[in-house]
Amino acid sequence: MAIITNIEDLRVLHQKRTPKMFYDYADSGSWTEFTYRANESDFQKIKLRQRVAVDMTNRTTKTTMVGQEVAMPVALAPTGLTGMQHADGEILAARAAEKFGVPFCLSTMSICSIEDVAERTTKPFWFQLYVMKDRDFIEHLIERAKAAKCSALVLTLDLQILGQRHKDLKNGLSAPPKLTIANMINMMTKPRWCMGMAMTPRRTFRNIVGHATGVGNMSSLSS
Ligand SMILES: Cc1cc2nc3c(=O)[nH]c(=O)nc-3n(C[C@H](O)[C@H](O)[C@H](O)COP(=O)(O)O)c2cc1C
């Protein structure tokens with residue numbers, strides 16, 4: 001697609017370039033996806049009314065968020081597995097946010113670690129925390145975020161249990177993806193994605209694997 005003019009163009013491009021399990025992870029909800037669809041249709045009801053003949057002098061979208069000057073009052077929300085949507089996705093998103101002047105929030109369930117992002121950005125970013133049962137690990141995670149000079153801790157409260165996400169179950173979502181025949185056939189149609197992944201060492205949950213006691217791979221993480 002040569003000219004991208006809207007979010008729908010980006011969605012189509014992303015679907016074309018990204019393995020099905022990761023595209024579906026970003027573009028789906030739990031159970032019947034009723035709420036997921038309602039989130040979109042509710043927004044479609046909102047219309048903006050143009051006001052004319054008003055004083056525009058010194059109008060700006062600049063403001064502050066959590067004590068930080070920002071170009072507009074918008075932040076990049078934490079999204080798990082961003083580094084599986086595109087190689088080094090979290091590093092690239094953090095850099096883009098930095099360039100534009102809005103905060104970037106790194107997910108606990110990111111592929112690139114707190115340290116990976118900190119080493120490749122110049123300004124502090126936010127860190128989102130899922131509080132897990134292993135409290136020593138959680139304390140260590142907070143210490144790592146502090147050491148990386150994260151400027152805000154964003155606490156997620158709505159994940160007492162994992163949502164049952166049917167597409168993720170059917171696709172066997174994992175990072176890195178399991179090399180099943182179906183996955184390999186699908187990945188063969190995504191050469192850019194494969195090249196990117198081949199060039200980066202960041203292909204699993206690097207905030208967690210190797211840091212939480214007993215978590216050395218994906219199956220020990222989920223248990
Ligand atoms: C693909 C995807 C992954 C997400 N991962 C996380 C996450 O790891 N941690 C978290 O706290 N919220 C996560 N969220 C929730 C978002 O941060 C955000 O709160 C939510 O999408 C609502 O914002 P929106 O209306 O702009 O999408 C995720 C959302 C999506 C769509």
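A search of the whole structure, which is a predicted model, finds 1 aromatic pair. Rings of Phe, Tyr and Trp (its six-membered ring) are paired if their centres lie within 6.5 Å; planes under 30 degrees apart count as stacked, over 60 as edge-to-face and the rest as tilted. The ring centres of F22 and W193 are 5.9 Å apart and the planes stand at 25 degrees, so this pair is stacked. The two residues link distant parts of the chain, 171 residues apart: F22 belongs to helix 2 (residues 20-26) and W193 to helix 10 (residues 191-199). Helices (H or I, at least four residues) and strands (E, at least two) are DSSP runs, numbered from the N terminus. F22 is buried at 0% relative accessibility, and W193 is buried at 7%. Here buried means under 20% relative accessible area, exposed over 50%, and partly exposed in between (1.4 Å probe, protein chains only).

Residues are numbered from 1 along each chain as its sequence is written, and side-chain values use heavy atoms, with hydrogens and water left out. In this predicted model, local features need pLDDT of at least 70 and side-chain atom pairs count only at pLDDT 80 or more, while totals for chains, interfaces and linings use all residues.

The next topic is charge. Side chains of opposite charge can pair when their charged atoms come close. A salt bridge is a side-chain nitrogen of Lys or Arg within 4 Å of a carboxyl oxygen of Asp or Glu, and by this rule the count comes to 11 salt bridges. One of them joins R11 to E8, with the closest N and O atoms 2.8 Å apart. Both residues lie in helix 1 (residues 7-17), 3 residues apart, which is about one turn of the helix. R11 is partly exposed at 29%, and E8 is partly exposed at 42%. Another salt bridge connects E119 and R120 at 3.4 Å, N to O; E119 is exposed at 60%, whereas R120 is partly exposed at 29%. In a further salt bridge, R165 meets D168 with the closest N and O atoms 2.6 Å apart, and D168 is buried at 11% relative accessibility. Salt bridges that share partners also join D88, D116, R202 and R206 into one network.

What of the cysteines, and how many disulfides does the structure hold? The structure holds 0 disulfides, a disulfide being a pair of cysteine sulfur atoms within 2.5 Å. C112 is in no disulfide, and the nearest cysteine sulfur, that of C150, is 14 Å away. C112 is buried, with 0% relative accessible area. The sulfur of C194 is 17 Å from the closest cysteine sulfur, in C112, which is too far for a bond. C194 is partly exposed at 28%.

Finally, there is the matter of empty space. Rolling a probe the size of a water molecule over the atoms shows where empty space is left. On a 1 Å grid over the protein atoms alone, a pocket is an open set of points where a 1.4 Å probe fits, with protein on both sides within 12 Å along at least five of seven lines; lining residues have an atom within 4 Å of a point. The second largest pocket has a volume of about 220 Å³, a volume being the space filled by probe spheres set on the points. Of its 15 lining residues, Q68, E98, G101, V102 and K123 are the closest to the centre. Strand 2 (68-70) and helix 5 (89-100) each supply at least two residues of this lining.
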